[in-house]
Amino acid sequence: MARALVLLSVVLVSLLVNQGRASDNQRLFNNAVIRVQHLHQLAAKMINDFEDSLLPEERRQLSKIFPLSFCNSDYIEAPTGKDETQKSSMLKLLRISFRLIESWEFPSQTLSGTVSNSLTVGTPNQITEKLADLKMGISVLIKACLDGQPNMDDNDSLPLPFEDFYLTMGENNLRESFRLLACFKKDMHKVETYLRVANCRRSLDSNCTL
């Protein structure tokens with residue numbers, strides 16, 4: 001009888017611990033989604049303000065000579081559409097999100113320099129700090145998803161080809177600035193989408209529509 005009570009106590013404690021971990025992970029997911037939503041909204045505002053500051057002729061030039069065909073993050077293997085994203089595992093989406101956020105740690109230091117100082121956007125340090133916080137949160141979520149298993153993702157060991165990419169793309173500062181902002185917005189949208197679907201995967205909801 002005593003042994004049965006001990007086993008029951010162990011089971012109950014284990015259930016409480018697991019529930020606590022699940023609750024903590026849910027809070028982390030919610031915080032991560034909120035943080036990347038804010039970054040995505042900030043990116044949209046920055047590029048809108050930048051476009052509003054251009055002359056009509058400058059806008060026409062950008063629309064003709066710069067379709068958003070390539071960003072540095074295109075080096076990172078990621079789902080190419082909604083169907084592929086929805087079929088991806090939670091761990092895969094978290095890893096891709098981590099790499100995308102990591103790719104902006106250096107370029108984010110110059111983001112706000114691409115817009116007028118009079119615009120109410122975050123400073124480079126603030127944006128970099130927000131990215132660092134989000135990266136840390138995603139890292140914790142990846143570890144929780146692995147549940148003690150070794151991280152076998154080969155991409156984590158690959159060098160990042162990012163450093164000065166956005167600073168050496170051409171001689172026209174207008175084009176460089178626009179691409180920097182447009183790529184930042186594009187990548188924050190990706191991360192927001194991936195984290196939303198990953199959170200849905202966690203709830204075992206088969207209807208994770210985008």
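**Cysteines and helices of the predicted model**

Cys 145 is partly exposed, at a relative accessible area of 27%. This value, like those below, comes from a predicted model.

A search of the whole structure finds one disulfide. Cys 71 and Cys 183 form this link, with their sulfur atoms 2.1 Å apart. The pair joins distant parts of the chain, 112 residues apart. Cys 71 sits in the loop between α2 (56-65) and α3 (82-87), whereas Cys 183 belongs to helix α6 (residues 173-202). The angle about the S-S bond is -90 degrees, and the link of Cys 71 and Cys 183 is left-handed. A disulfide of this kind is a covalent bond between the sulfur atoms of two cysteines.

The cut-off for buried is under 20% relative accessible area.

The helix that carries Cys 183 is α6. Helix α6 has 30 residues. From first C-alpha to last, α6 reaches 43 Å, close to the 44 Å expected at 1.5 Å a residue. Of its 30 residues, 22 are buried, so α6 is largely enclosed by the rest of the structure.

Helix α5 (residues 124-146) contains Lys 143. Lys 143 has 58% relative accessibility and therefore counts as exposed. In sequence, Lys 143 and Leu 91 are 52 residues apart. In space, the C-alpha atoms of Lys 143 and Leu 91 are 9.5 Å apart.

Note on methods:
Residues are numbered from 1 along each chain as its sequence is written. This is a predicted model: local features need pLDDT of at least 70, side-chain atom pairs count only at pLDDT 80 or more; totals for chains, interfaces and linings use all residues. Side-chain values use heavy atoms; hydrogens and water are left out. A disulfide is a pair of cysteine sulfur atoms within 2.5 Å. Helices (H or I, at least four residues) and strands (E, at least two) are DSSP runs, numbered from the N terminus. Buried means under 20% relative accessible area, exposed over 50%, partly exposed in between (1.4 Å probe, protein chains only). The expected span of a helix is 1.5 Å times one less than its number of residues.
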